[in-house]
Amino acid sequence: MKRLQLIVLLSLFSLAVAQKPIIFRDNAKNPKVTIQGNQGFLIPGNGPTAPGSFELTGNVQIQRAIEGAETIMTCGKATGIFFKKNAVTEVDKVRMTEGIHFTQKGKASSVDATGSSADYDIKDSLKEITINGDVKVSFEGTSDGTTTKKDGSKTPNKTNSTMTTTSKSATITFKTVIDDKKKETSEIQTAIVHGPIHMTGVQLIRDADGEKLQKVTARADQMRYTISGDSKNPEVTLEGNLELQNVDATGEVATVEGGDRLVLELNKKNEIIKLKFIAPQGKQVKSTVYRGDTPKKVDEKSKKKNGGA
């Protein structure tokens with residue numbers, strides 16, 4: 001009997017080792033969409049009216065790769081559908097659990113997020129992901145540029161603007177568009193993140209000495225991002241328990257707090273080019289300038305009815 005049990009166990013072990021993951025590719029040679037997992041099922045479909053479906057567990061990965069944009073979602077378990085529309089394979093109604101990692105890389109920016117669970121859906125021309133439970137999101141933009149010195153000479157530099165958040169939930173939307181070269185690309189359109197928020201970035205300063213970049217950090221309860229705000233430029237709006245810090249080249253730190261809303265206007269390089277504090281009636285926006293831990297100057301502003309700084 002023991003010998004029989006040993007043979008059965010060895011057979012099951014050999015079967016487990018030999019088992020290959022389930023993999024779907026929409027094109028054998030040049031796949032745009034890949035769906036895979038260790039176990040479960042995947043049923044191919046026949047167009048939008050009869051989509052394919054999947055339910056997979058174990059090292060699940062859903063990848064959509066196009067030139068200029070790539071979406072990767074990994075988790076422990078996922079269900080969803082997939083279909084072809086205008087000769088393009090789309091993934092929709094994806095429900096992910098058991099720890100998720102979402103990455104969206106575009107030409108101008110990238111988003112990296114983790115959480116306990118997530119829902120990914122197509123809504124008209126937008127793709128939307130809502131992440132829940134111990135959420136961490138990082139938004140990063142990188143571009144090559146130059147810094148102008150006092151003598152007029154320019155030196156190359158790489159600009160980064162990173163917003164990192166922790167929250168209970170975050171909803172991010174993307175849009176796929178055709179660029180000037182008739183190539184498909186996908187970039188973030190909006191994001192709503194419930195805090196606490198911690199953001200780091202750079203502000204473009206122009207003065208008599210030319211242009212320079214200054215480090216900026218901010219904290220808030222909620223963050224909203226839009227690709228086109230009131231200024232027609234990308235904007236980040238921070239709300240609740242605001243605190244903003246600027247650090248210049250000499251190490252001097254300016255802290256601004258007391259408002260209930262802060263609007264950051266960005267340029268195409270994701271540099272902050274303008275910021276506006278808004279305070280309600282009767283509330284003051286306080287600015288403190290210091291070096292190290294010692295305050296040097298306190299300037300109270302925003303005593304107007306509508307506030308602002």
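Okay, so let's start with the rings: there are three aromatic pairs in this one. A pair here means rings of Phe, Tyr or Trp (its six-membered ring) with centres within 6.5 Å, and planes under 30 degrees apart count as stacked, over 60 as edge-to-face, and the rest as tilted. Take Phe24 and Phe82: their ring centres sit 4.5 Å apart with the planes at 40°, so that's a tilted pair. Phe24 is in strand 1 (residues 22–25) and Phe82 in strand 5, so parts 58 residues apart in sequence get tied together. When I say strand, I mean a DSSP run of E, at least two residues, numbered from the N terminus. Phe24 and Phe82 are both buried, and buried means under 20% relative accessible area, with exposed over 50% and partly exposed in between (1.4 Å probe, protein chains only).

Phe102 and Phe174 are both buried.

Quick word on what we're looking at. It's a predicted model, where local features need pLDDT of at least 70 and side-chain atom pairs count only at pLDDT 80 or more, while totals for chains, interfaces and linings use all residues. Residues are numbered from 1 along each chain as its sequence is written, and side-chain values use heavy atoms, with hydrogens and water left out.

On to charges. Side chains of opposite charge can pair when their charged atoms come close. With a salt bridge taken as a side-chain nitrogen of Lys or Arg within 4 Å of a carboxyl oxygen of Asp or Glu, the count comes to seven.

Let me pick out Arg64 and Glu90, whose closest N and O atoms are 3.6 Å apart. Arg64 is in strand 4 (residues 52–66) and Glu90 in strand 6, so to speak distant parts of the chain, 26 residues apart. So, buried or exposed, what is Arg64? Buried, at 11% relative accessible area, and Glu90 is buried as well, at 12%. Arg64, Glu90 and Lys127 are linked in a network of salt bridges.

Then there's Arg206 with Glu211, N to O at 3.0 Å for the closest atoms. Arg206 is exposed at 58%, and Glu211 partly exposed at 27%.

Glu239 and Arg224 also meet in a salt bridge, 3.5 Å from N to O. Glu239 lies in strand 13 (residues 235–239) and Arg224 in strand 12 (residues 210–226), so the pair ties together parts 15 residues apart in sequence. Glu239 is partly exposed at 23%, and so is Arg224, at 33%.

Last stop, the second largest pocket, with a volume of about 350 Å³. It has 13 lining residues, and the closest to its centre are Lys85, Glu90, Asp124, Ser125 and Lys127. A pocket is an open set of points on a 1 Å grid over the protein atoms alone, where a 1.4 Å probe fits, with protein on both sides within 12 Å along at least five of seven lines; lining residues have an atom within 4 Å of a point. The volume is the space filled by probe spheres set on those points, joined across faces, edges and corners.

Which strands each supply at least two residues of that lining? Strand 5 (69–85), strand 6 (88–105) and strand 9 (126–148).

Note on methods
Helix = DSSP H or I, 4+ residues; strand = E, 2+ residues; numbered from the N terminus.
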